[in-house]
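This briefing is meant to be read alongside the sequence and the model. Please keep both in view while working through the points below.

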Amino acid sequence: MKLCRFQPLEFSSANLSRSEKKSHPEARAGVIEGGEVREIKSLFGVPEFTGSDWPLAEIRLLVPAMPSKIVCVGRNYAEHAAELGNEVPKEPLIFLKPPSSVIGPDEPILIPSISQRVDYEGEFAIVIGETCYRPAAGEDLRRYILGYTCLNDVTARDLQIRDVQFTRGKSFDTFCPIGPFIEAEWIVASATVETHVNGQRKQFGHTSQMLFSTDAIIHWIAQVMTLLPGDVIATGTPPGVGALAAGDTVEVSVSGIGTLRNPVAAREE
Ligand code: ZN
């Protein structure tokens, strides 16, 4: 089952004046079936259909989750740790991206002039469906998971290295594209992660190559902080990271989910 957040196109900003836009600001939740989106009352819990359906061509997909935080795992693929000259961590290495960095499919990633090196990092991401804090050891964690999606952990690599702390390099507005929707089926065991820039494949990995499993990661994070419905966990990037430039199109694809596509532009300074 594919879950999404969307706006019917007649309510999208392109066709509306400023005053009209205010009257329809809310995003809707939906289930994608065939070529249609069926509206549901909430993204969370058992889907309750409202009876309103739209053809996919008549909606705009929005970012599928509105996280209170994005928790990322660094160096979770040995080959990626090696390509940046880092050791493989003994424990999951976690850091945060702010909710203000989130954008949806097709929204532009904006490169700030302060950075000379902005990288893509295609990642397999988990979307939390139920509040999770300190689950018991051995507990089945699937009940806490709404589903899985694609995420691009865009990174100002030069600032990340210069600061030691990751916050600035990881947190610019538009540095966290998420989407295009959430796959609710359990696809962890067989998922591949790929990143293409301008149609050329740059990254390829398989979830089986992750140093820490999705269960180990959720367990680790939830010992520290309460995971809330909508929170997103990025599980680390496979090898092949590289720079983005204004004019590029970057695509992160996860098998069984789909492709998250974003154009890249220079930020107006
Ligand atoms: Zn990352």
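Predicted model: local features only at pLDDT ≥ 70, side-chain atom pairs only at ≥ 80, totals over all residues.

**Surroundings of Glu-39**

- Glu-39 is partly exposed, because 19 other C-beta atoms lie within 10 Å of its own, whereas a residue is called buried at 20 or more.
- When residues up to four places away in sequence are left out of the count, Glu-39 touches Arg-28, Gly-30, Phe-49, Thr-50, Ser-52 and Asp-53.
- Glu-91 stands 52 residues from Glu-39 along the chain, and the C-alpha atoms of these two residues are separated by 41 Å.

- The protein is divided into domain 1, covering residues 2-62, and domain 2, covering residues 70-266, and the C-alpha centres of domain 1 and domain 2 lie 25 Å apart.
- Between the two, seven residues of domain 1 are in contact with 12 residues of domain 2.
- On the side of domain 1 that touches domain 2, the elements giving two or more residues are strand 1 (2-8) and strand 5 (59-62), and strand 1 gives the most, with three residues.
- By class, that side of domain 1 has six nonpolar residues, no polar residues and one charged residue.

**Strand 1 and its pairing partners**

- Five of the seven residues of strand 1 are buried, so this strand is largely enclosed by the rest of the structure.
- Strand 1 pairs with strand 2 (residues 28-33) in the antiparallel sense over five bridges, and the bridge partner of Lys-2 in strand 2 is Ile-32.
- Strand 1 also pairs with strand 5 in the antiparallel sense, over four bridges, with Arg-60 in strand 5 as the bridge partner of Gln-7.
- Two bridges join strand 1 to strand 14 (residues 176-183), and these strands run antiparallel; here Leu-3 stands opposite Ile-182 in strand 14.

**Helix 5 and what covers it**

- In helix 5, which runs over residues 214-222, the residues Thr-214, Ile-217, Ile-218, His-219, Ile-221 and Ala-222 are buried.
- The cover over the buried residues of helix 5 includes strand 6 (70-74), strand 7 (93-97), strand 11 (122-128) and strand 17 (232-234).

Terms used:
Residues numbered from 1 in each chain as written. Buried ≥ 20, exposed ≤ 12 C-beta atoms within 10 Å, placed from the backbone. Domains from an automatic or database assignment. Nonpolar A, V, L, I, M, F, W, Y, C, P; charged D, E, K, R; others polar. Pairing = 2+ DSSP bridges.
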